[in-house]
Amino acid sequence: MKTILAAYSGTLKGTGSGILSALQDLSVAFWPCRAKMEKHLQLISVLQWVITFLVLGAACTVLLIYMFCTDCWLISAIYTAWLIVDWNTPKQGGRRSSWVRNWTVWTYFRDYFPIRLIKTHDLLPSRNYIFGYHPHGIFCFGAFCNFGTEATGFSKKFPGIKPSLATLAGNFRLPVLRDYLMSGGICPVNRNSIDYLLSCSGTGNAVVIVVGGAAESLQCSPGKNSVTLKNRKGFVRLALQKGSDLVPVYSFGENDSYKQVIFEEGTLWRSVQKKLQKILGFAPCLFHGCGLFFGNSWGIAPYSKPITTIVGEPITVPKIEDPTEEVVEMYHAMYIRSLQCLFDKYKTRFGLKESEVLHIH
């Protein structure tokens, strides 16, 4: 009898084990593995930012106008009234949200490339700073992730320093988009906004300016290390007037996110790009990344190439309300030398040859 019961028990155990194994195999068949799920979430997080930057402002503007012609006109009227009252907020430090800056979506955004932030020197909370970010790339992924979110731990690496990434002022005239940008601590790149942050908001502020701007984005391509800086001296003059230290920042890999069709100077298409740049304030680049489903196809998703942002040594700047051209030239030259040294010191650590040179235009 005992023998029969033991045999029966063994059969049940074997059957249970078989059923459990079958269920596990079934779950694997129907559910993608964790690594694939992570990759999908990373792609979605990057695409939401790209699409937001490209179309959210225009789409919300059209929607707001359309709603005035519907039964929902009151919602549009209230929002428009609030928009008028709140119009100057972006110029007065904005409305940053620690909650938004710490969204989990930004960690997926960071890991897609991945993006890293490297600190080389301490920054004193008793000073204000102007970070010069290079290069622009197409979408400034490194600048946004490092300074517009907490995904790479800026506040932990630089305690007491509050970063404000400066971007095109026109973005803050568009409904909803303006609020989304401000929540990340992003501000307009205009005199009023930067003056407020460096003069009326105490110390420990770091305004991040992508110095090369739209002109630099027209030159970016994978493997190219060049910056537009020779004739960009306004940020140096501003640093002198406010007594804010200059900090060079270079992102290795920023230009590798997309491939771009670069038109030669003097061609018709190049002229069209430059004219549109003056009208719109940004450069209409002809670029492509990878497809959503096949890595070797063309699409709007950026290539998942590593981006490493190096924050260099601050250059101490005295406060001179009306600096002469000679003084501006001197500190501009110091900044260029500091940026070149930063590039040369770290280039071999991130896949570049010792012979690689940073081209400054």
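**Reading a loop, a strand and the surface**

Analyst: G253 lies in the loop between strand 7 and strand 8 (259–260), where strands (E, at least two residues) and helices (H or I, at least four) are DSSP runs numbered from the N terminus. The model is predicted, so local features need pLDDT of at least 70 and side-chain atom pairs count only at pLDDT 80 or more, while totals for chains, interfaces and linings use all residues. Residues are numbered from 1 along each chain as its sequence is written, and side-chain values use heavy atoms, with hydrogens and water left out.

User: Is G253 buried or exposed?

Analyst: Buried means under 20% relative accessible area, exposed over 50%, and partly exposed in between (1.4 Å probe, protein chains only). G253 is buried because its relative accessible area is 16%.

User: Which residues is G253 in contact with, leaving aside its neighbours within four places in sequence?

Analyst: Contact means heavy atoms within 4.5 Å. On that criterion G253 touches P306 and I307. I307 belongs to strand 11, residues 307–311.

User: Which strands pair with strand 11, and in what sense?

Analyst: Two strands pair if DSSP finds at least two bridges between them. Strand 1 (residues 115–119) pairs with strand 11 in the parallel sense over five bridges, and L117 has T309 as its bridge partner.

User: What residues make up the nonpolar surface patch?

Analyst: Like charges are joined within 9 Å, and nonpolar side chains (Val, Leu, Ile, Met, Phe, Trp, Tyr) within 5 Å. The patch here consists of L268, W269, V272, L276 and I279 and covers about 540 Å², by the Shrake-Rupley method with a 1.4 Å probe and, for residues, only the protein chains shown as cover. W269, in helix 12 (residues 268–280), is exposed because its relative accessible area is 54%.

User: How many helices and strands does the chain have?

Analyst: The chain has 13 helices and 12 strands, and 43% of its 361 residues are buried.

Definitions and conventions. Patch = residues over 30% accessible without salt bridge, like charges linked within 9 Å, V, L, I, M, F, W, Y side chains within 5 Å. Salt bridge = Lys/Arg side-chain N within 4 Å of Asp/Glu carboxyl O.
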